[in-house]
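Visitor: I would like to learn how to read the features of a model such as this one, step by step. Could we begin with the aromatic rings?

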Amino acid sequence: MLRDYVPKVHIHPVLMVFLVISFVTGTFMELAIILSIVLFHELGHYIVAKVFNWRIKGIMLWVFGGVMDTQEHGNKPIREEALVTIAGPFQHLIIYFLLFLLTPVGFVPSSVLELIFYYNTVILLFNLLPIWPLDGGKLLFLCLSAFSPYKKAYYWVILFSMAACLVIILFQLIFFPFTLSAFFIMLFLFMENRSEWKNRYYVFMRFLLNRYEGNTAVTAVSPILVESETPLKDVLGYFRRDNKHSIYITGPNNKRQSIDEGDCLLLFFHGKHYNKTIGELVYYIS
């Protein structure tokens, strides 16, 4: 049905306050342009995600932008998630093209077209900043995930994002004219990443749980080489997206044994052997 392809758009309560303020202060046109561009941006994510049959709850518009609320968290192929991420910034190119067509017609006042061009450029460049959870940050995370374990990639992108926010705030205070809105946006992104860092363990557990339940993509097979004294939780930290792993264990006297990643996840979630070494756990499945 058609309604299955139309996203549910929600407006954050705080944004409602800003809408009222824009009416009073006479800046409603600027806010309407910004929200329209943000919504068009999110529709790009939504359309491509729907093509890949993602589970999507809806689109939320809030003070500092918008977000597509999805139930897919690190369990889709990297290439697929990259296409969904890129689809948002691509929408801005469509807006540029529409502006190019509308400029000579004169149907829309040039002052309005200039405002659209300005905000479209600002929002595009802002979204491409390599800061989580902006599109640039997500693309950075996907690039790191392609060459390193999920846990390491996620931790590094959050730490880098917090550092980037602080550097941008510092540069603004020292080298550029102070802008309160830009300061609050960077501060908000820093706090968001600080919250992500506090919840990093739960994000990693969600990633492992998706693998345990079989809700993850596999496009390659790669081995993991560890010593028998390596704790199970450290072995799980080597797991990579899009990869199926066989764990090869080197024990005393260079004795080699192997265990499948499914057995590791079973022992972790069902057996609850959180603090045992991988060498000790081979006993349970041998």
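This is a predicted model: local features need pLDDT of at least 70, side-chain atom pairs count only at pLDDT 80 or more; totals for chains, interfaces and linings use all residues.

Visitor: How many aromatic pairs does a search of the whole structure find?

Guide: The search of the whole structure finds 15 aromatic pairs. One of them joins F183 and F184, whose rings are 5.8 Å apart from centre to centre, with 70° between the planes, an edge-to-face arrangement.

Visitor: How should I read those two values?

Guide: A pair of aromatic rings is described by the distance of the centres and the angle of the planes. For Y201 and Y202 the ring centres are 5.9 Å apart and the planes stand at 80°, so this pair is edge-to-face.

Visitor: Over which rings does the charged end of R200 sit?

Guide: The charged end of R200 sits over the ring of W197, at 4.0 Å from the ring centre. The charged end of R200 also sits over the ring of Y155, where the distance to the centre is 5.7 Å.

Visitor: From rings and charges I would like to go on to pairs of opposite charge. What is the general idea, and how many salt bridges are found in the whole structure?

Guide: Side chains of opposite charge can pair when their charged atoms come close. In the whole structure, the search finds three salt bridges. In one of them R241 pairs with E81, and the closest N and O atoms are 2.7 Å apart. R241 lies in the loop between α9 (232-236) and β5, while E81 lies in helix α3, so the pair ties together parts that are 160 residues apart in sequence. Both R241 and E81 are buried.

Visitor: With which residue does R211 form a salt bridge, and where do the two partners lie?

Guide: R211 forms a salt bridge with E261, with 2.8 Å between the closest N and O atoms. Since R211 belongs to helix α8 (residues 200-212) and E261 to helix α10 (residues 261-269), the pair ties together parts that are 50 residues apart in sequence. R211 and E261 are both buried.

Visitor: And which residues form the remaining pair?

Guide: K244 forms a salt bridge with D260, and here the closest N and O atoms are 3.7 Å apart. K244 lies in strand β5 and D260 in strand β6, so this pair ties together parts that are 16 residues apart in sequence. K244 is partly exposed, with a relative accessible area of 30%, and D260 is likewise partly exposed, with a relative accessible area of 30%.

Visitor: How do strands β5 and β6 pair, and over how many bridges?

Guide: In general, the side chains of a regular strand alternate between the two faces of the sheet. Here strand β5 (residues 242-250) and strand β6 (residues 256-260) pair in the antiparallel sense, over five bridges. T250 stands opposite R256 in β6. The two strands form a hairpin with five residues between them, and in the turn N253 has a positive phi of about 60°.

Visitor: Which residues form the nonpolar patch on the surface?

Guide: The patch is formed by V167, L170, F171, L173, I174, F175 and F176, which together have about 730 Å² of accessible area. V167 is found in helix α6 (residues 150-174), and V167 is partly exposed, with a relative accessible area of 43%.

Visitor: May we end with the chain as a whole?

Guide: The secondary structure of the chain comes to 11 helices and six strands. Along its principal axes the C-alpha trace spans about 80 × 50 × 30 Å, and buried residues make up 40% of the 286 residues. To relate sequence to space, consider L102 and L187, which are 85 residues apart in sequence and 37 Å apart from C-alpha to C-alpha. L102 has its place in helix α3 (residues 78-102) and is partly exposed, with a relative accessible area of 32%.

Conventions
Residues are numbered from 1 along each chain as its sequence is written. Side-chain values use heavy atoms; hydrogens and water are left out. Patches are made of residues with over 30% relative accessible area and no salt bridge: like charges are joined within 9 Å, nonpolar side chains (Val, Leu, Ile, Met, Phe, Trp, Tyr) within 5 Å. Accessible areas come from the Shrake-Rupley method with a 1.4 Å probe; for residues, only the protein chains shown count as cover. A salt bridge is a side-chain nitrogen of Lys or Arg within 4 Å of a carboxyl oxygen of Asp or Glu. Helices (H or I, at least four residues) and strands (E, at least two) are DSSP runs, numbered from the N terminus. Buried means under 20% relative accessible area, exposed over 50%, partly exposed in between (1.4 Å probe, protein chains only). Rings of Phe, Tyr and Trp (its six-membered ring) pair if their centres lie within 6.5 Å; planes under 30 degrees apart count as stacked, over 60 as edge-to-face and the rest as tilted. A charge sits over a ring if NZ of Lys or CZ of Arg is within 6 Å of the ring centre and within 35 degrees of the ring normal. Two strands pair if DSSP finds at least two bridges between them.
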